[in-house]
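We will go from stop to stop, and each stop tells you what to select.

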Amino acid sequence: MKRDEFTEMRAFLVVARERSFTRAAAKLGVTRSALSHTVRGLEARLGMRLLSRTTRDVAPTVAGERLMESIQPHFDGIAAGINAISALRDKPSGQVRVVCPDDAVELVFRHRLPTFLQEFPEIGVEIIVDNGFTNIVERQFDAGVRLGEAVARDMVAVRVGPDVSYSVVASPGYLERCAPPSVPQDLTDHNCVNLRLPTSGALYAWEFEREEREFSVRVGGQLTLSNMASAVDAALDGIGLAYLPTDLVSQHVERGKLRRLLLEWCPIFKGYHLYYPSRRNPSPAFSAFVDAFRYRPPS
């Protein structure tokens, strides 16, 4: 294969996977116009349309799908070969791409990343925050992070944190205006900070547990957000009650800026897990990353 042909094929694959010329161009480090020109050159050389383009979406045509199925294994083989050669280096090197919800940045990565990056100076880590259920294979992430209950069974799952408890919290100022709830059903009378789920578009129902009975309460309120960090701020500002990971608000509780409510009703979930598809030859960089963030319970 000539160099130009290889470049065209690789460009086509990335655009087809990302379903976006903009995202693909950013990943390849080229301009959008240059990438579009490269793909059009491949289509002209083959004499057929490979991608269907609209103002909102880019998707492979039937011919494009067949081309992807044909050439993808060869590109995967090239990547595996490069990873095998990289294992001969004295120290792991390369890039690790991970997608995770916003609270996992604080609860999983923040305190351990500095040590990891210092120990492995030739490894680059890219963490993308996405509170939806991102398809890590389609988006070419090495791994994702989710609570244990949400990891698909066909994925390899490595625990990267302890069990996670959730708390209903409110500021002292809010509780001066409104009597605290005594049971979860009282939440329907309160101004609650809702969380919009990006995948389904629905509002997250607050989950509770009592005497092995699990149930949820759909709350109402003036403010709806899409991430945990903003919900913490809203609770601190006295806007309303918020339902958040306990470790995310513990420092504010200790300082008296927030109060925990309904303690006996709040559940505990399986901790965060790093998940990824099974692979025969993981890169040394990825193996080092998994080992470094693997959760080891205190003895």
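Select Glu211. Glu211 is exposed, because its relative accessible area is 74%. Here, buried means under 20% relative accessible area, exposed means over 50%, and partly exposed lies in between (1.4 Å probe, protein chains only). Glu211 sits in the loop between strand 9 (206–210) and strand 10 (213–217). Helices (H or I, at least four residues) and strands (E, at least two) are DSSP runs, numbered from the N terminus. Now check the backbone. The phi of Glu211 is near 55°, a positive value in a residue other than glycine. Most residues other than glycine have a negative phi.

This is a predicted model: local features need pLDDT of at least 70, and side-chain atom pairs count only at pLDDT 80 or more, while totals for chains, interfaces and linings use all residues. Residues are numbered from 1 along each chain as its sequence is written, and side-chain values use heavy atoms, with hydrogens and water left out.

**Stop: the charged patch**

Zoom in on Glu149. Glu149 lies in the loop between strand 5 (143–147) and strand 6 (156–159). Glu149 counts as partly exposed because its relative accessibility is 48%.

**Stop: strand 15**

Select residues 272–276. How many of the five residues of strand 15 are buried? Five of the five are, so strand 15 is largely enclosed by the rest of the structure. Show the side chains. Tyr272, Leu274 and Tyr276 point one way, and His273 and Tyr275 point the other way. In a regular strand the side chains alternate between the two faces of the sheet.

Strand 5 and strand 15 run antiparallel and are joined by four bridges. Val145 has Leu274 as its bridge partner in strand 15. Strand 6 also pairs with strand 15 in the antiparallel sense, over four bridges. There, Ala157 is partnered by Tyr275. Two strands pair if DSSP finds at least two bridges between them.

**Stop: another positive phi**

Select Leu262. Leu262 has a positive phi of about 55°, although it is not a glycine. Look in the loop between strand 13 (259–261) and strand 14 (268–269) to find Leu262. Is Leu262 buried or exposed? Leu262 counts as buried, because its relative accessibility is 6%.

**Stop: salt bridges**

A salt bridge is a side-chain nitrogen of Lys or Arg within 4 Å of a carboxyl oxygen of Asp or Glu. By this rule the count comes to nine salt bridges.

Select Arg45 and Glu8. Their closest N and O atoms are 3.0 Å apart, in a salt bridge. This pair links distant parts of the chain: Arg45 is in helix 3 (residues 32–46), Glu8 is in helix 1 (residues 3–18), and they are 37 residues apart. Arg45 is partly exposed, at 40% relative accessible area. Glu8 is buried, at 14%.

Move to Arg159 and Asp163. Their side chains meet in a salt bridge of 3.1 Å, N to O. Arg159 counts as partly exposed at 26% relative accessibility. Asp163 is partly exposed too, with a relative accessible area of 44%.

Then select Glu18, Arg23, Lys27 and Arg139. These residues are linked in a network of salt bridges.

**Last stop: Asp103, then the whole chain**

Select Asp103 in helix 5 (residues 102–109). Asp103 counts as buried because its relative accessibility is 3%. Asp103 and Ala229 are 126 residues apart in sequence, and 7.0 Å apart in space, C-alpha to C-alpha.

Now zoom out. The chain has 10 helices and 15 strands. Of its 299 residues, 41% count as buried. The C-alpha atoms fill a box of roughly 75 × 50 × 35 Å, taken along the principal axes.
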